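Please read the following briefing alongside the sequence and the 3D view.

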Amino acid sequence: MKPVIGITMGDPSGNGPEISIKTLMNENIYKVCRPIIIGDAKCMEEAAKTVEGAENLILHAVHDVKDAEFTPGVIDVYDMNQIDISKRLYRKDRGKLGEIMTDEELKAAYKESHMMCGEAAFRYVEKVIRLAMAGEIDATVTNALNKDHINMAGHHYSGHTEIYAHYTGTKKYTMMLAHDHLRVVHVSTHVSLREACDRVKKDRVLDVIRIANEGCKALGIPKPKIGVAGLNPHCGENGMFGREEIEEIQPAIDAAMAEGILIPEKAPTPPDTIFSKALGGWYDVVVAMYHDQGHIPLKVKGFVYNQEQKKWDAVEGVNVTLGLPIIRTSVDHGTGEDYAGDGSASERSLENAVDYAIHMVLAKAGSK
């Protein structure tokens, strides 16, 4: 049977609804999986009005996965009914609303909208996790949420990864970003740079190397080659620019290699060359020491801006949470509220995330 893929709609004031419509307009997706949106049917109906060619789509609201049709031309929506459309605001609504509202009224309207959207986005994620844990869906794919909005709604998480870890009871996990054959995992993600340096410890680096190794195997790579980035310029230059490579990273590499994990260079690699080597096929995955060290090269490769046309030609890449008992992939971009609702958002990253989720389901099934 084709895998059932649960796709969260993301923040209702963001680009998730319209890129979900664009993705599921492609009939080919139904040849390889059975997709269902976890979100609000009304928001999806509004989004369909902004997408060219979506006039004849049928939005099918359900309250049980078993009631989904999984048919091309019909988008199944697990309807959470969280949103009052009249109160959902985009940032570009400011001018229009400002003409009829005082500054204080406008501020209050945005606060109410953001709290509502944050609550809704959180509930979609919570539901898709519960459906996966119960075995009702085979994998989860998430559209972007706004971290400020979910925190305004009282859910104090720094992102999807931490929500998934909490609701699945996972203690050891990491984020992997992927675009084509470039894959990066992170020792730390959503913390300050100062704190990120403090988190480069042998045990955590070793855990991430192990998770990266198992994550690549989950993608069907039998003997992954792992590159481990240094933290400091020139990997510390034998202690001149920092001792983390000597005292924390190298001991983690030695321990991983003793377990049979393949690290071709047997030592940390300077961060300014490791990603070029990865693009050249030296590694199947790179262990980055902090958020931007890994995110920047992935987005330089996957995000392509057309200077002449003043628009993004590509916004590609996938975010995967490794170490979980369920499969979770995600778009590798934000909510794009400045242009959400006008039908211009690119669906490429969501398509990539769905493809990755399907691949991971099939690889998992093949390993049994």
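Is Cys216 buried or exposed? With a relative accessible area of 0%, Cys216 is buried, where buried means under 20% relative accessible area and exposed over 50%, with a 1.4 Å probe and protein chains only. This is a predicted model, in which local features need pLDDT of at least 70 and side-chain atom pairs count only at pLDDT 80 or more, while totals for chains, interfaces and linings use all residues. Residues are numbered from 1 along each chain as its sequence is written, and side-chain values use heavy atoms, with hydrogens and water left out.

**Cysteines**
- Cys33 is also buried, at a relative accessible area of 1%.
- There are zero disulfides in the structure, a disulfide being a pair of cysteine sulfur atoms within 2.5 Å.

- Leaving aside residues up to four places away in sequence, Val287 touches Val185, Val187, Val208, Ile209, Ala212, Ile226, Gly227, Val228 and Ala229, contact meaning heavy atoms within 4.5 Å.

**Lining of the largest pocket**
- The lining divides into four nonpolar, 13 polar and four charged residues, where Ala, Val, Leu, Ile, Met, Phe, Trp, Tyr, Cys and Pro count as nonpolar, Asp, Glu, Lys and Arg as charged, and the others, Gly among them, as polar.
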